[in-house]
Amino acid sequence: MTFLGAPNAQFNLSAPDSLAARVAVRARRRMYARFLAATAVQPDETVLDVGATSDRTYEASNYLEAWYPHKRAITAVGLDDAAFLEQVYPGLTFRRIEAGPLPFPDASFDVVHSSAVLEHVGSVARQQELLRELARVARRAVFVTTPNRWFPIEVHTQFPLLHWLPKETYRRLLAGTRHSFFSREENLNLLGRRELLGMARALPGWTATVEPLRLLGWPSNLMLTMVRAP
């Protein structure tokens, strides 16, 4: 079953009981494990999660808030109202923000996390600016996930291969269909490994690595870890 209307707050069309949603839960479990291993986050360190969602449809919505045991260490921010997180996970802090620079001083948090946000902020220039902001407010490490453009199935529309066309061609074909929301760059701009790594390595003072999350042997998602150079 698939939602035929506008995407939900997770930029998703899949029903919570769908195969795609169940696969997403397993994928996010693996992303979470990679976050713990790659950042070596400690219980006494502060964590900023950029991209908290108001969506409560899926089991793995706001997975960091759900699964990270040290709730008092977490500050979650997002464009929509996810204040319920403070009631569901006592000790956690939620702050609603506007698009643009993050409202925190430099190096405010030990570790910064952002999952499935980068592909939804717009142009390459805006994606670069988001990475710059994540790095600015991080003292030690940044962890980012985003879908891999070169996975055969586009995870939002679930169309095969169409997104491999030049981006302008892809958007033109999608415009006017029931998936026209995803034809607009400001709503979906997929990245490949080379693009993502290039953006991260352009940030001075950080080392960057990108690990694939594989589905049936194919990299379905990209997991970027940035560590501040000593």
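## Burial and a phenylalanine pair

A residue counts as buried under 20% relative accessible area, as exposed over 50%, and as partly exposed in between. With that in hand, we can look around this structure, which is a predicted model. Phe-181 has a relative accessible area of 24%, so Phe-181 is partly exposed. Phe-182 is at 1% relative accessibility and therefore counts as buried.

Phe-181 and Phe-182 also form an aromatic pair. The ring centres are 5.2 Å apart and the planes stand at 90 degrees, an edge-to-face arrangement. Across the whole structure, a search turns up seven aromatic pairs.

## Aromatic rings around Trp-67

Another of these pairs joins Tyr-32 and Trp-67. Here the centres are 5.8 Å apart and the planes meet at 65 degrees, so this pair is edge-to-face as well. Tyr-32 belongs to helix α1 (residues 19-39) and Trp-67 to helix α2 (residues 63-67), so the pair ties together parts that are 35 residues apart in sequence. Tyr-32 counts as buried because its relative accessibility is 10%, and Trp-67 counts as buried at 16%.

Arg-29 lies over the face of Trp-67, 3.8 Å from the ring centre. Elsewhere, the charged end of Arg-56 is placed over the ring of Phe-84, at 4.1 Å from its centre.

## Helix α1

Helix α1 is made of 21 residues. From its first C-alpha to its last it reaches 30 Å, close to the 30 Å expected at 1.5 Å a residue. At the start of the helix, a side-chain oxygen of Ser-18 comes to within 3.2 Å of the backbone nitrogen of Ala-21. Just after the helix, Ala-40 adopts a positive phi of about 50 degrees.

Which residues of α1 are buried? They are Ala-21, Val-25, Ala-27, Arg-28, Met-31, Tyr-32, Phe-35 and Thr-39. These buried residues pack against β1, α2, β4, β5, β6 and β7.

As a general point, nonpolar side chains tend to be buried together in soluble globular proteins. In this model, the largest nonpolar core holds 31 residues. Leu-48, Val-112, Leu-131, Leu-134, Leu-224 and Met-226 have the most contacts inside this core. At least two residues come from each of β1 (47-50), β4 (109-115), α4 (124-137), β5 (138-147), α6 (193-201), β6 (206-215) and β7 (218-228). The largest share, five residues, is supplied by α4. There is also a second, separate core of 27 residues, whose members include Val-41, Trp-67, Ala-73 and Ala-141.

Helix α4 has 14 residues and spans 20 Å between its first and last C-alpha atoms, close to the 20 Å expected at 1.5 Å a residue. Its buried residues are Gln-127, Gln-128, Leu-130, Leu-131, Glu-133, Leu-134, Ala-135 and Val-137. The elements that cover them include β1, β4, β5, α6, β6 and β7. Leu-131 gives a residue-level view: beyond its neighbours within four places in sequence, Leu-131 contacts Leu-118, Val-144, Leu-196, Met-199, Ala-200, Leu-203, Leu-224 and Met-226.

His-113 lies in strand β4. Is this histidine buried or exposed? At 1% relative accessibility, His-113 counts as buried. Its side chain makes a polar contact of 2.7 Å with the side chain of Asp-49.

Leaving out residues up to four places away in sequence, His-113 touches Phe-35, Leu-48, Asp-49, Val-50, Tyr-63, Leu-64 and Phe-143.

## A buried alanine in a loop

Our last stop is Ala-82, in the loop between β2 (74-78) and α3 (84-88). Ala-82 has a relative accessible area of 0%, so it is buried. Setting aside neighbours within four places in sequence, its contacts are Thr-53, Ser-54 and Phe-94. The C-alpha atom of Ala-82 is 6.7 Å from that of Ala-52, although these two alanines are 30 residues apart along the chain.

Terms used: Residues numbered from 1 in each chain as written. Predicted model: local features only at pLDDT ≥ 70, side-chain atom pairs only at ≥ 80, totals over all residues. Heavy atoms only, no water. Core = buried A, V, L, I, M, F, W, Y, C linked by side-chain atoms within 4.5 Å. Buried < 20%, exposed > 50% of the residue type's maximum accessible area, 1.4 Å probe, protein only. Helix = DSSP H or I, 4+ residues; strand = E, 2+ residues; numbered from the N terminus. Contact = heavy atoms within 4.5 Å. Phe/Tyr/Trp six-rings, centres within 6.5 Å; stacked < 30°, edge-to-face > 60°. Lys NZ or Arg CZ within 6 Å of the ring centre and 35° of its normal. Expected span 1.5 Å × (residues − 1). Polar contact = N/O pair within 3.5 Å; in protein donor to acceptor, adjacent residues only side chain to side chain.
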